[in-house]
Amino acid sequence: MKKLYLEAKAFFGNKGFLLITVAFFGIIFGNLLKTTYTLLQIPVEENREAYMLILSESQKISYFLFIFFIFISYELFYLSHKSNLNETLKTTKKGIRNTYFYQYLIIFIITAIITVSLLALNIYSASHFKVLTTELLVHIILNCLLNITLVITLASSFGFLLSLFSKKVFAYISIVFIAFFSSEIFKDIVSTLLEGFGLDLYHLTDLFVIFPPNMKSVPIYAFGLSVLPYRWNAVLFWLFLCLGFINLKLIRNRKKNISKTVSTILLFAFAVVNLCFYYTPQSKVIRDNSPYQTNFADFIYYSATYTGDEINQKADFNITGYEMDLKIRNTLSADVTVTIDKSDNEKYIFTLYHGYEVKSVTDENGNSMAFTRDNDVLTVESDSHTNSMRITYSGYSPRYYSNLQGICLPAGFVFYPVEGSVVLYDTENQDFIPYISENLINFDVNIDYYKNCFSNLKGTDTNSFEGKSNSLSIVSGLYKEMVVEDTRFVYPYLSGSNNEKNFRELIINEINQKKYNINGKSVIITPNLNQSNICVFAEDHIVAHKTPWGLAEEANGNAKEE
Amino acid sequence: MITISNLTKSFKKTLAVNHFSFEFDNKIYGLLGPNGAGKTTLLRCLAGLYDYTGSIKENGKEISALKEQERNIGYLPQKFGMFGQLTVKEMLQYFCLQKGISVKSADIEACIKSVGLEDKTNKKISTLSGGMVRRLGIAQALLGKPSLIIFDEPTAGLDPEERIRFKNIVKSLHGKCTVILSTHIVSDIASVCDETIIMNDGKLICCGTSEEISQKAKNKVYLIPEEKQNLIKGKYYIIQNTSDETGKSQLRFVSQENQNFDTVEATVEDGYICSIKNI
Amino acid sequence: MQYKKYLKQNYFLLKSAGVSIFIPLVIIYFFLPFLNYSSYLKYGIGTTLYNNIITYSQVFIPFFSTWWSILTLKEFIEGQGNEVLFVNTKRTHLFVCINFIIFVFMLIPLYIVYFCLFDNMKLEFIKILIECVLFNSISFAIMSFFRSVAISLTLPVIYTMYSFFRGYSSQGIDLSFVSLNEATYEQLTDKYIPILLVSIILFEVTRRTNSRTTRYQ
């Protein structure tokens, strides 16, 4: 404790650094508290969405903490060098590493205080808005751990690494460039370069932006802030890389031994492993101009592949049933058995969103069937009679996500094979064209997912559903289910207000009950993912991407004819 | 006892220490040499700061194989500083913790008193003068009764009174541990050290007591009026320009050749010059 | 004569900084034009190009306008044996002024090209100059009061990013210097003249009250 006190005093005893630190935290947290206070004044009955804004604001400071801690760590770890003490400390029994350890401990204690404070702020706010659930609590903890604790740890490792270089100018330039490269501005620059020169730096530069994505947009209430594995991989990659170089720099000046060499190699190996995981294809929820992971990706794809002459081609068979085993981790893996009403065709044409790669197609006897893929169209060659086909596929969609944090696979989106060649996208409106089957189909769906899923179908077991419908919706995440009179609502509980009894009344009154009867049906509210269609109407449910209150405003005059 | 065998240390193309061998006992050793002789490099190798080829053994054990906790040395480098925001006492407490010495058992007050900083005990180091910081550096080197103490230019910045105090401190360590003192002030070495080691170009040139070093210049040192400089024969090296009682300029020089002047008594400085210049 | 001396001294101090003195030139003459040209290729001469010009200019130009001043004053603050520099140099604020003027001259060719594309760039130039004055004053104040190069680099970067983030969030206190809207006379008088006044006052207060830049300690 004494050593810790002396180390802290040696650094923060400098009034300049103390003042800067206090002023920085004062401004950052003062701003955050002011914002939180303002949002907490909103009556809970009126609007629950304020909680998500508080969570967003509390995580936005991640970038500023990162830059500040690089600087403060650099100055802290450089202190003994600046004071001409390094040489003396290296000859003592505990050595210079002991000094570094205690300096790291100081940073760790500050980090812990910040993390705990933000956790407390978020938990209090969530309780205030009556939205605190175990799921949300875990979400808050993960956010704070990733965006605050891990990011500050990374920053202090950067600062430490820079302090080991004797040339100060190099360290200064590095701090400045890290600040620019890791900011949102850099994403805009990369977007500009892609648009003008066609220079695609996204794959390279995505790795630099380690802070919460989508901070410019309205939060996705059903999803929360992204704490997907790829974000952890990115931060851990940099952290292990940094620690590897630190280890390398520290052992260079001393007699090498096997354990130190092995530890360096291990650190670099962990970095490489995280890098590999980062680049594995997976469903992310990003809403910037990246051509790979966002809504924009679909527009780019279809602009390149569609000629403009596409028309729907009806199939000469009908699908009468689906048996689906869906496994959702970083991507969707599906094992779908389709039952068809015509067994003697030579060719069967299906449509499946191109983001899902078909692995195999087998007939009812398990024999392999040849197939080809042309964008969204799947053509299966059949040389035998079969009443059903088993299609396995996996992948993801940039817009309709299916990952470890949530699922948004709404009706209208072709995430399972449908018969015929269907035009899925409207390039003029930059949006998907909802597809709803003309017939009612039997669905039997099992979902291997660790969270509770919701569907339009009837639940038979945990994450198992069956029923008859002309479309399938699956959602999961920060959702709640509620039955009001005989209408079932599935909605993100972080949006809207606490006045849930108004749900049905609003929908009945405002969405034109004469045109669509929601008695005995489900209303599933999906996130606003830039869809242009407000509602998609299926036989047994309606999918809407606005809350009933938003719906009420939009739907007057826009309600679809049943 | 510390035994150095064939110690060699080079930095890229510069050979700083060149096959240096020596044995240190529990005595006080002075290290002399011109700038760039390799003194600091040698001391850093002894302190365990550099990798080297050759061998340095402390009580029969190679120091590079010793763990940090098995060595107990005091080290005062040439460029030395402190944390400006800590007080004198806190800084010594810091060093105690670094050296693995219990803060309570270490006699910090005695250390502070021995270097004459008792009235600055609770003052911040940033308020001390350069010389006072140096004295504090000496104090930290003495903490924990080390078996080897290395001083690199310890009296730089010290006033005459403090230099005397320092010499007394070093003399009091006689027989208790090995003390190696590197300095350019020959008189400090002459008055304090049991043995003097002279280095040049990374090599050991000679070693011995002050008398033995002085002997190297025996019958080679002359003191003549300056106007007679043109009468000097052969190669010579001017040590000093002085003046006599009347204020007349005089020249003190060493020369291998017999000169037509009377020699004067040689000092350690003369012996050092003769060793370095091969006179 | 005195100013000639400071000019020469400035030259040597910058020379000692090495290759890093070219960074602002790379930003002004390569990086920004490269970005703007990319935008021009996609959108032609229009609103989008204009917006990109003013956005990227405000990100990089104010911050890098302080680069040479920081490199110059770095030697006074952190250089080895820096006390000798203070013996004959009392007016270190002149280095800030000299470097600022040189930077403005370096900026003019870029803005001449901008003038040719958009008439309103004259007002944008004034806006960017005021932002540069603000950043130079802030850096000078930080270096004088805190005597740390790292702080004087880090805080302006944080301020720049905060100002841009501020545009994405309507919450909290607004202390940003950035305006992503087209420059108008009203904007200059309402926002930027006060910023200019604050900058000048800050510079003067630093110069007069803080003796640490005119004396060694």
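Visitor: In the hairpin of strand 9 and strand 10 of chain B, which turn residue has a positive phi?
Guide: Strand 9 and strand 10 of chain B form this hairpin, with 2 residues between them. Helices (H or I, at least four residues) and strands (E, at least two) are DSSP runs, numbered from the N terminus. In the turn, phi is positive, about 55°, at B:D201.

Visitor: What kind of model is this?
Guide: Residues count from 1 along each chain as its sequence is written, while chains are lettered from A and ligands numbered from 1 in the order in which they are written. Local features need pLDDT of at least 70, side-chain atom pairs count only at pLDDT 80 or more, and totals for chains, interfaces and linings use all residues, for the model is predicted.

Visitor: What is the bridge partner of B:I197 in strand 10 of chain B?
Guide: Strands pair if DSSP finds at least two bridges between them. Strand 9 and strand 10 of chain B have 5 bridges and pair in the antiparallel sense. In strand 10 of chain B, the partner of B:I197 is B:C207.

Visitor: How far apart are the C-alpha centres of domain 1 and domain 2 of chain B?
Guide: Domain bounds come from an automatic or database domain assignment. For chain B, that assignment gives domain 1 (2-209) and domain 2 (215-277). The distance between their C-alpha centres is 34 Å.

Visitor: How many residues does domain 2 of chain B put into the contact with domain 1?
Guide: Two residues are in contact if their C-beta atoms, placed from the backbone, lie within 7 Å. On the domain 1 side, helix 6 (186-192), strand 9 (195-200) and strand 10 (203-208) of chain B each supply at least two residues. Domain 1 of chain B gives 10 residues, and the number from domain 2 is 5.

Visitor: Which strands are at the edges of the open sheet of chain B?
Guide: The sheet has 4 strands in the order 2-1-4-5, with antiparallel pairing. An edge strand pairs on one side only. In chain B, these are strand 2 (14-24) and strand 5 (61-62).

Visitor: Which residue in strand 4 of chain B stands opposite B:T3?
Guide: Strand 1 (residues 2-11) and strand 4 (residues 53-58) of chain B run antiparallel, joined by 5 bridges. Opposite B:T3 stands B:K57.

Visitor: What angle does the direction of helix 1 of chain B make with that of strand 2?
Guide: Helix 1 (residues 39-47) packs on the sheet and touches strand 1, strand 2 and strand 4 of chain B. Angles run from 0 to 180 degrees between N-to-C directions, and axes are lines fitted to C-alpha atoms, for helices over the stretch in contact. With strand 2 of chain B, helix 1 makes about 60°.

Visitor: Which element gives the most to the side of chain B that touches chain A?
Guide: Here 27 residues of chain B are in contact with 21 residues of chain A. Strand 6 (73-76) and helix 2 (88-99) of chain B each supply at least two residues. With 6 residues, the one that gives the most is helix 2 of chain B.

Visitor: Which two chains have the most contacts?
Guide: Chain B and chain C have no contact, and their closest C-alpha atoms lie 12 Å apart. Of the 2 pairs of chains that touch, the most contacts are between chains A and C.

Visitor: How many charged residues has the side of chain A that touches chain C?
Guide: In this interface, 31 residues of chain A are in contact with 32 residues of chain C. Ala, Val, Leu, Ile, Met, Phe, Trp, Tyr, Cys and Pro count as nonpolar, Asp, Glu, Lys and Arg as charged, and the others, Gly among them, as polar. The chain A side has 18 nonpolar residues and 6 polar ones, and the charged residues number 7.

Visitor: Why is helix 9 of chain A called oblique to helix 2 of chain C?
Guide: Angles under 35 degrees count as roughly parallel, over 145 as roughly antiparallel, 65 to 115 as roughly perpendicular and the rest as oblique. The axes of helix 9 of chain A and helix 2 (residues 23-43) of chain C lie 7 Å apart, at an angle of about 50°. That angle makes helix 9 of chain A, relative to helix 2 of chain C, oblique.

Visitor: Which strands stand at the edges of the 5-strand sheet of chain A?
Guide: This open sheet has mixed pairing and the order 17-18-19-21-20. Each edge strand has a single partner strand, so one side of each is left without a neighbour in the sheet. In chain A, the edges are strand 17 (479-484) and strand 20 (535-537).
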